[in-house]
Amino acid sequence: MKKALLVVVTAIALSGCASSSGKPVEVVNADRAGGVVTIGYVNSENLPLMDDGSKARWGDAVGIATRVCSKWGYESAEELTPHARTEGQRNMYGQLMNGSVTKQYQCLGGNVK
């Protein structure tokens, strides 16, 4: 009985939480003068993020950054920061409620316009 109650309570608690699993990443900031593009997962669901944002579609990030950089006359982009930065409002448990998990990408090569 206690085990069943624990499962039900856990399921109810987790049903009100967000996950970055499979979520798209997007341009959060772009600094043309510095040749830096910030890509990230934005949690704006007003639900606590249960993970660290690492389950988002980070594999798309360098392609997105490269497209932005190419509009500015650069050839490519590479990851500038290997770790993600988390900014925004947190709840009393330290979970991200409303904010973003981001990485920066540096534009490289080409004739800058």
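Student: How many nonpolar, polar and charged residues are in the lining of the largest pocket?
Tutor: Lining residues have an atom within 4 Å of a pocket point; a pocket is an open set of points on a 1 Å grid over the protein atoms alone, where a 1.4 Å probe fits, with protein on both sides within 12 Å along at least five of seven lines. Here the lining includes Val 28, His 83, Arg 85, Glu 87 and Lys 103. Ala, Val, Leu, Ile, Met, Phe, Trp, Tyr, Cys and Pro count as nonpolar, Asp, Glu, Lys and Arg as charged, the rest as polar. The tally is one nonpolar, seven polar and three charged residues.

Student: What pLDDT do local features need?
Tutor: Numbering runs from 1 along each chain as its sequence is written, and side-chain values use heavy atoms, with hydrogens and water left out. The model is predicted: totals for chains, interfaces and linings use all residues, side-chain atom pairs count only at pLDDT 80 or more, and local features need at least 70.

Student: Which element gives the most to the lining of the largest pocket?
Tutor: Strands S1 (26–31), S4 (85–90) and S5 (96–108) each give two or more residues to the lining. Helices (H or I, at least four residues) and strands (E, at least two) are DSSP runs, numbered from the N terminus. With four residues, the biggest share comes from S5.

Student: What pattern does the protein follow along the sequence?
Tutor: The protein has two helices and five strands. Read in order, they give α-β-β-α-β-β-β.

Student: Which residues form the disulfide?
Tutor: A disulfide is a pair of cysteine sulfur atoms within 2.5 Å. A search of the whole structure finds one. The sulfur atoms are 1.9 Å apart, and the pair is Cys 69 and Cys 107.

Student: How many residues apart in sequence are the parts that this pair ties together?
Tutor: Cys 69 lies in helix H2 (residues 61–71), whereas Cys 107 lies in strand S5. The bond therefore ties together parts separated in sequence by 38 residues.

Student: Is the disulfide left-handed or right-handed?
Tutor: Look at the torsion about the S-S bond of Cys 69 and Cys 107, which is about -70 degrees. That value is why the disulfide is left-handed.

Student: Are the two cysteines buried or exposed?
Tutor: Buried means under 20% relative accessible area, exposed over 50%, partly exposed in between (1.4 Å probe, protein chains only). Cys 69 has 0%. Cys 107 has 4%. So Cys 69 is buried, and Cys 107 is likewise buried.

Student: How far apart are the C-alpha atoms of Pro 48 and Met 97?
Tutor: Pro 48 sits in the loop between strand S2 (36–43) and H2. At 12% relative accessibility, Pro 48 counts as buried. Pro 48 and Met 97 are 49 residues apart along the chain, yet their C-alpha atoms are separated by 4.5 Å.

Student: Which residue lies over the face of Trp 58?
Tutor: A charge sits over a ring if NZ of Lys or CZ of Arg is within 6 Å of the ring centre and within 35 degrees of the ring normal. At 5.1 Å from the ring centre of Trp 58, the residue is Lys 103.
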